[in-house]
Amino acid sequence: MVVDDEALVRSGFELILSAADDIDVVATTAGAEAVETVRREAPDVVLLDIRMPDVDGLTVLGRLRALAEPPVVAMLTTFDADEYILTALRSGAAGFLLKDTEPDQLAQLVRTLAAGGVVMSPKASRAVWQSHPGAAAVGDEEAARVGRLTDREREVLVLIAEGLSNADIGTRIHLSAGTVKDHVSAILTKLRVGGRVQAALLAQRAGLLDERQRRSGSGR
């Protein structure tokens with residue numbers, strides 16, 4: 001389901017996503033009708049505009065998260081340093097998409113959300129944290145939590161932050177789905193976070209993705 005105040009945006013997303021054989025767009029709507037439409041249509045994934053004139057996306061997100069069986073919600077925004085993204089992620093959004101996402105990537109990102117993955121590009125995430133410098137520093141306690149992770153758990157955490165679902169993580173590092181699930185549970189417990197998005201944010205702030213990129217760049 002696509003929620004946006006601009007009919008052209010809704011139509012564009014619907015057209016692109018409907019072209020995928022495994023994705024059904026059950027509804028598109030503006031913000032005011034979003035919660036009632038979700039109750040009626042019960043979508044698995046909601047793409048929600050973060051800035052709407054009739055009702056803002058954060059308010060809609062809060063109402064959706066309060067439902068008995070809330071859908072997975074990813075925020076839509078026009079620029080990667082949107083000041084509201086950080087609040088949305090901390091409030092339970094499963095990530096965010098830029099509205100100028102390439103059409104051939106959009107369906108795959110929705111599949112990632114449906115599979116329980118996180119949609120949050122490293123570049124955009126860094127922009128979010130750089131726009132909130134007071135929130136970017138990893139405290140001693142958080143650093144200690146990250147330090148308690150095993151090498152394998154750190155590897156899994158980086159893949160979570162890259163947006164992979166448990167199944168995709170298992171395929172990438174040759175582990176069973178059950179083993180990956182156990183690792184994810186241990187990571188969330190050790191980091192004392194409520195979900196994959198919060199774990200991904202902490203990984204970003206702790207520099208784990210930058211560390212991985214440096215290693216890849218040096219051929220290690």
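**Helix α9.** I began with helix α9, residues 151–161, in what is a predicted model, and listed its buried residues as Glu153, Val156, Leu157, Val158, Leu159, Ile160 and Ala161. I take buried as under 20% relative accessible area, with exposed as over 50% and partly exposed in between, for a 1.4 Å probe and protein chains only. Helices are DSSP runs of H or I with at least four residues, strands are runs of E with at least two, and both are numbered from the N terminus. Just after α9, I noted that glycine 163 takes a positive phi of about 100°.

**Conventions.** I number residues from 1 along each chain as its sequence is written, and side-chain values use heavy atoms, with hydrogens and water left out. Local features need pLDDT of at least 70 and side-chain atom pairs count only at pLDDT 80 or more, whereas totals for chains, interfaces and linings use all residues.

**Methionine 120.** I found methionine 120 in the loop between α5 (103–114) and α6 (122–130), and this residue is buried, with a relative accessible area of 4%. Methionine 120 and glutamate 162 are separated by 42 residues in sequence, yet their C-alpha atoms are 7.2 Å apart in space.

**Strand β3.** I then looked up strand β3, residues 45–49, where five of the five residues are buried, so the strand is largely enclosed by the rest of the structure. Val45, Leu47 and Asp49 point one way from β3, while Val46 and Leu48 point the other way. Strands count as paired if DSSP finds at least two bridges between them. Strand β1 (residues 2–3) pairs with β3 in the parallel sense over two bridges, and valine 2 stands opposite leucine 47. Strand β4 (residues 72–77) also runs parallel to β3, joined to it by five bridges, and here aspartate 49 stands opposite leucine 76. From β3 the chain crosses through helix α3 (residues 57–65) to β4 in a right-handed β-α-β crossover, meaning that the path from the first strand over the helix to the second runs clockwise with the strands pointing away from the viewer.

**Helices α1 and α5.** Last, I checked helix α1 (residues 7–18) against α5: their axes come within 9 Å and cross at roughly 75°, the axes being lines fitted to C-alpha atoms over the stretch in contact, with angles from 0 to 180 degrees between N-to-C directions. That makes α1 roughly perpendicular to α5, a class that covers 65 to 115 degrees, with under 35 roughly parallel, over 145 roughly antiparallel and the rest oblique. Phe13, Ile16 and Leu17 of α1 make the contact with Pro103, Leu106, Ala107 and Val110 of α5, where contact means heavy atoms within 4.5 Å.
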